[in-house]
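Have the sequence and the 3D view open as you read.

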Amino acid sequence: MTYALAISLGPKVRVNAVAPGWISDGQGLRPVDHDQHPVGRVGCSADIAQAVLYLAEAPFVTGQVLTVDGGMSRKMIYAE
């Protein structure tokens, strides 16, 4: 959908998406929860805000899905 809208609405409108991973306020998390992420921690709302800000300020980026998950979609191994 992101790609199709970018093609249909461009060049006047840029369309991008953010695909968040595990985002938390940090409460109730165990060390293993953080350790299983390649970046060493669970994400927070500021991580998503930074991704959105990047996309808002990147005039040559359109039709993209930015995965913001601390590398978990590449690792694909989850601890219990």
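This is a predicted model: local features need pLDDT of at least 70, side-chain atom pairs count only at pLDDT 80 or more; totals for chains, interfaces and linings use all residues.

The paragraphs below look at a surface patch and then at salt bridges.

Residues are numbered from 1 along each chain as its sequence is written, and side-chain values use heavy atoms, with hydrogens and water left out.

Begin with Met1, Leu5, Leu9 and Val13, which form a nonpolar patch on the surface. Together they have about 400 Å² of accessible area, a value from the Shrake-Rupley method with a 1.4 Å probe, where for residues only the protein chains shown count as cover. Patch members have over 30% relative accessible area and no salt bridge; like charges are joined within 9 Å, and nonpolar side chains (Val, Leu, Ile, Met, Phe, Trp, Tyr) within 5 Å. Leu9 belongs to helix α1, residues 2-9; helices are DSSP runs (H or I) of at least four residues, numbered from the N terminus. Leu9 counts as partly exposed because its relative accessibility is 40%; buried means under 20%, exposed over 50%, and partly exposed in between (1.4 Å probe, protein chains only).

Now turn to the charges. How many salt bridges does a search of the whole structure find? There are 2, each a side-chain nitrogen of Lys or Arg within 4 Å of a carboxyl oxygen of Asp or Glu. One joins Arg30 to Asp33 at 2.9 Å, N to O. Arg30 is partly exposed at 40%, whereas Asp33 is buried at 5%. Arg41 and Asp47 also meet in a salt bridge, at 2.9 Å from N to O. Here Arg41 is partly exposed at 37%, while Asp47 is buried at 16%.

Note on methods: Helices (H or I, at least four residues) and strands (E, at least two) are DSSP runs, numbered from the N terminus.
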